[in-house]
Amino acid sequence: MTTEGTHYGVTQIAQLFPSLKRIKDKSLREKVALVWNEAITTGCGGKGWTLDELREVKFTLLAGDIDMKFVEHLNSCALQCMAIADVLKRTFRCSIPIQRDYLIAGALLADVGKPLEYDKDASGKVVQGKFGQQVRHPFSGVALAFKHGIPGEVMHIIATHSHEGDKMERSIESIIFHHADFVDFDIAKLLGKRAAKKVTG
Ligand SMILES: [Fe+2]
């Protein structure tokens, strides 16, 4: 099946990612939705994903068998980022310049390349596709974001959020997202390891 001709607007993308509505700048909000629309409808080796299929995608293919979904992870990160920004603003005596709209947009777009990175094998299992092996999601995410006029500050978060960004100086917003991302990832890995131990006894 293909999702050709389908278009998901702000309302539908916000059903997947409610934090989209927390972006104050309307034009940025719309651009984030456009980027997600393209990722969903052109991903999965060009076949596109339905929203239900996307909701079923696991958080990460690297963490083993745990009940945590990709969409839930993105929502978790966006909420964590806003909470971290609130705490930092309240507690640091020197003021920390955090661009909240960029932080939320970056949190929602950091993994937008994953629908392109992932494909399905003959049995319908979600795997890293050929394109995903060639171009991991931070790169495809930036490519998609650039196409839709997403600001450099947000593309920086997408580009540097994963280990590919370890050699760069991350912006404040990117530092916040990077850590939120790994809070989820490291916990998922640990849970995956525990689950594997239970299975093998
Ligand atoms: Fe990522």
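Biologist: Is lysine 69 buried or exposed?

Modeller: Lysine 69 counts as buried, because its relative accessibility is 19% and buried means under 20% relative accessible area, with exposed over 50% and partly exposed in between (1.4 Å probe, protein chains only). This is a predicted model, in which local features need pLDDT of at least 70 and side-chain atom pairs count only at pLDDT 80 or more, while totals for chains, interfaces and linings use all residues. Residues are numbered from 1 along each chain as its sequence is written, and side-chain values use heavy atoms, with hydrogens and water left out.

Biologist: Which residue forms a salt bridge with lysine 69?

Modeller: Aspartate 67 does, with the closest N and O atoms 3.9 Å apart. A salt bridge here is a side-chain nitrogen of Lys or Arg within 4 Å of a carboxyl oxygen of Asp or Glu. Aspartate 67 counts as exposed, at 70% relative accessibility. Both residues belong to a network of salt bridges that links Glu56, Asp67 and Lys69.

Biologist: How many salt bridges does the count come to?

Modeller: The count is eleven. Among them is the pair of glutamate 53 and lysine 120, whose closest N and O atoms are 2.7 Å apart. Glutamate 53 lies in helix H3 and lysine 120 in strand S1 (residues 118-120), so this pair ties together parts that are 67 residues apart in sequence. Helices (H or I, at least four residues) and strands (E, at least two) are DSSP runs, numbered from the N terminus. Glutamate 53 is partly exposed, at 24% relative accessible area, and lysine 120 is also partly exposed, at 27%.

Biologist: Now the metal. Which residues coordinate the iron ion?

Modeller: The iron ion is coordinated by Asp111 through OD and by His137 and His161 through NE2, at 2.1 to 2.3 Å. Donors are N, O and S atoms within 2.8 Å of the metal (3.2 Å for Na, K and Ca); water is not among the atoms, so sites may look incomplete.

Biologist: What does the side chain of glutamate 117 make with histidine 137?

Modeller: The two side chains make a polar contact at 2.8 Å. A polar contact is a pair of N or O atoms within 3.5 Å; within protein, one must be able to donate a hydrogen and the other to accept it, and residues adjacent in sequence count only if both atoms are side-chain atoms. Glutamate 117 is found in helix H6 (residues 114-117). Glutamate 117 is buried yet has no salt bridge, and the nearest side chain of opposite charge, arginine 136, is 4.3 Å away. For charge, Lys and Arg count as positive and Asp and Glu as negative, while His and the chain ends are not counted.

Biologist: Last topic: how many residues of H5 are buried?

Modeller: Eight of its ten residues are buried, so H5 is largely enclosed by the rest of the structure. Those buried in H5 include Asp101, Leu103 and Leu109.
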